[in-house]
Structure formats: C-alpha cells, structure tokens
Amino acid sequence: MTISVTCSSCGAAYEMPDDLGGQIGQCACGATFQIPHQPTAVAIPAVAAVDDSNPFAAPVADAVAIHAPASQLGLSGVEISQIAKCRTGLSYLYASVILIIILFLGGVILGIAGNNSPRELRGFGIGVGVLGFTAFLFSVIGNGFLMSAPSRCTGQGLLKAAFGLQLGAVVLSLFGNFELLEQLSSRVRLARTDQLSLTLVVLGMQLAYNICWCLGMQRFFGFLNDPINAGRASLFLKLMVTVIGLVILTPIMSMTMPLLVVVSGVSIFVIGIVTIIVYVRLIEQGRKTLRNITG
C-alpha cells in the first residue's frame, strides 16, 4: 500500500510505501516533509495573495490550516477520545457564559424595576438566582471535562489544578460564611479577622484558578498546533491581570489623585468588556478546533 505525499514547497507529488509512515522524506527541491502513517489529506500552508504592485504592503504570514486530520497530528485513538471530552467541557463553559450574560441582563432589569414593584418581581429574582447557580454548575462541569486533556499535553496538570482551586474556593466560601455556620451550629463562632482571612484566601484561590486555567488552555491549544487560540488564552490572562491590578490601585489613587479614579474606572470598564469578548471567542473558536479534530 502506498501513500500520496505532496511537497508543500514545489507541489511535487510522490507515492511512498506505507511502511515508511512517520519518517522524514526529502523532495528533489531539497525540502523535507513528514510521511503520514496512512493516506490522509496533506495540510498545505495557505498563502494569501500578495499585491506586488503596492511596495508598502505589509508582509503576509502563511496561514497554516487547522483542519488537519487527527492522524496527521500524531494523535492516538485514546487521545482523540480525551480531546472529545475537552470539547464537551468547552460546550459547558460556553453555555455557562450565555447564562451569565442572561443573568447580567436580568440583574439590571431587577435592579431598575425592583424598587417599584418588589413583590411582583420576587419570582423573577428567584429565577435569576437559579440561572446563576446553573451557570456556576456548568462552569464546574466544564472544567471537570477539561481535565481529560491528553497526558502528553503539558497543560493537563494546570487544568487539573484549576479545577481543584475552583472547588476549593467554593468550599471555603460556603464553610467560611459566618451566617451559614451560625445557622448550621450555634456552637461555631468566627471572629471578624478570621472572616477577612478566609475572604483573602478565597480571592487568592480564585486568582490562582484563573491563572492556571489560562496557562493550561494556552498549552493545550499549543499541543494541538492551534497558535490562534493559544494566543487568545495568553491575551485573556494579560487582560485579566490588568483589570485586577487597576481594581487594586483605584482605592490607592483616590487618596492622592481623584482625577485618576475616573480614568481608572473607565479603563476597567473598557478592558473588562474586551476581556469578556476574548474569553467568549476563545471558547467558541476552541470548540470549532476540537470539532475539526474529533469529527
């Protein structure tokens, strides 16, 4: 059985024996190429047309197709199954984002109309709460599926750490709540300093969760040879850290330069919107990449 291989440099076609699959071949033009294990479509870099008449045109980089078959990426059957689970996880995260957007809009409506007719909107408020819990549940389930990333991917450990940090923050938030503990047992009492310490720990765990998740997704898509989504994960992390930094610095700036508080507030709003857009695009396009691989 032979394998059809096409040189990406000169376009020459070769018929190679099947037993040479996985080895490196060399074309007559001097370019090298990898021989696939079975007959598959060769992902030839798609080069955008360049307008030679414009000397000021910026150079166009080669756009590498990300629709390569799983066998061409060197993935085993087990790894394809694991990637399919990660695709399910991203679907849960995407559903969580949609619910959060609906929850935000519902919260705005509830805040505007709540003072006028609080009794009539009580059921609406309960619905908003149910949506919030469902969005959180979908987020946890989605991150649980993402732990199924292939073991060869260096981001697997980071995604597992992110899932553990997310659950840990939830547990501490529940058992660190003074009012909840007071209802559960009258013998349990927490000092205000203990409450503050628990709050700081929970915030720290949530920050660590976001960092681990972003780095894990960056390495996961890098493993799948998808630099676009890997770049989105990196950009999302940078934007998130910027927003957090501005939130921390705003109270400090209010003591010295009140004018900067307005600038900081506008910056937080704008960067926050961009951060959400990048996050949604990362999940949406990430699902498409995994669908192209798993079929």
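What follows is a conversation about the labels given to parts of this structure.

Tutor: Happy to! Keep in mind that this is a predicted model. As an overview, the protein chain has 7 helices and 4 strands, and along the sequence they follow the pattern β-β-β-β-α-α-α-α-α-α-α.

Student: Why is Thr 275 called buried?

Tutor: Buried means under 20% relative accessible area. Thr 275 has 9% relative accessibility, so Thr 275 counts as buried. Thr 275 lies in helix α7, and its contacts include Phe 236, Leu 239, Met 240 and Val 243.

Student: What makes Leu 235 partly exposed?

Tutor: The relative accessible area of Leu 235 is 40%, so Leu 235 is partly exposed. Leu 235 has its place in helix α6. Leu 235 and Val 278 are 43 residues apart in sequence, yet 7.7 Å apart in space, C-alpha to C-alpha.

Student: How many of the residues count as buried in the protein chain?

Tutor: Of its 295 residues, 29% count as buried. The protein chain exposes about 17,600 Å², and carbon and sulfur atoms supply 66% of that area.

Student: What makes Arg 152 and Glu 79 a salt bridge?

Tutor: Side chains of opposite charge can pair when their charged atoms come close. For a salt bridge, a side-chain nitrogen of Lys or Arg must be within 4 Å of a carboxyl oxygen of Asp or Glu. Between Arg 152 and Glu 79 the N to O distance is 2.7 Å, so the pair meets the definition. Arg 152 lies in the loop between α2 and α3 and Glu 79 in helix α1, so the pair ties together parts that are 73 residues apart in sequence.

Student: Are the two partners buried or partly exposed?

Tutor: Arg 152 is partly exposed, with a relative accessible area of 47%. Glu 79, at 8% relative accessibility, counts as buried.

Student: How many salt bridges does a search of the whole structure find?

Tutor: The search finds 2 salt bridges. One of them joins Arg 281 and Glu 284, whose closest N and O atoms are 3.8 Å apart. That distance is within 4 Å, so the label applies here too. Both residues lie in helix α7, 3 residues apart, about one turn of the helix. Arg 281 counts as partly exposed at 36% relative accessibility, and Glu 284 is partly exposed at 23%.

Student: Why is there no salt bridge for Asp 226?

Tutor: The nearest side chain of opposite charge, Arg 232, is 6.2 Å away. A salt bridge needs a distance within 4 Å, so Asp 226 has none. Asp 226 is buried, and it is found in the loop between α5 and α6.

Student: What polar contacts does the side chain of Asp 226 make?

Tutor: Among them is a polar contact of 2.6 Å with the side chain of Asn 229. Another, of 2.8 Å, joins the side chains of Asp 226 and Thr 289.

Student: Which residues make the nonpolar surface patch?

Tutor: The patch is made by Val 262, Val 266, Phe 269, Val 270, Ile 273, Val 274, Ile 276 and Ile 277, and it covers about 730 Å². Ile 277 lies in helix α7.

Terms used: Residues numbered from 1 in each chain as written. Predicted model: local features only at pLDDT ≥ 70, side-chain atom pairs only at ≥ 80, totals over all residues. Heavy atoms only, no water. Patch = residues over 30% accessible without salt bridge, like charges linked within 9 Å, V, L, I, M, F, W, Y side chains within 5 Å. Areas by Shrake-Rupley, 256 points an atom, 1.4 Å probe, with all protein chains shown as cover. Helix = DSSP H or I, 4+ residues; strand = E, 2+ residues; numbered from the N terminus. Buried < 20%, exposed > 50% of the residue type's maximum accessible area, 1.4 Å probe, protein only. Contact = heavy atoms within 4.5 Å. Lys, Arg positive; Asp, Glu negative; His and termini not counted. Polar contact = N/O pair within 3.5 Å; in protein donor to acceptor, adjacent residues only side chain to side chain. Lists of a residue's contacts leave out its neighbours within four places in sequence.
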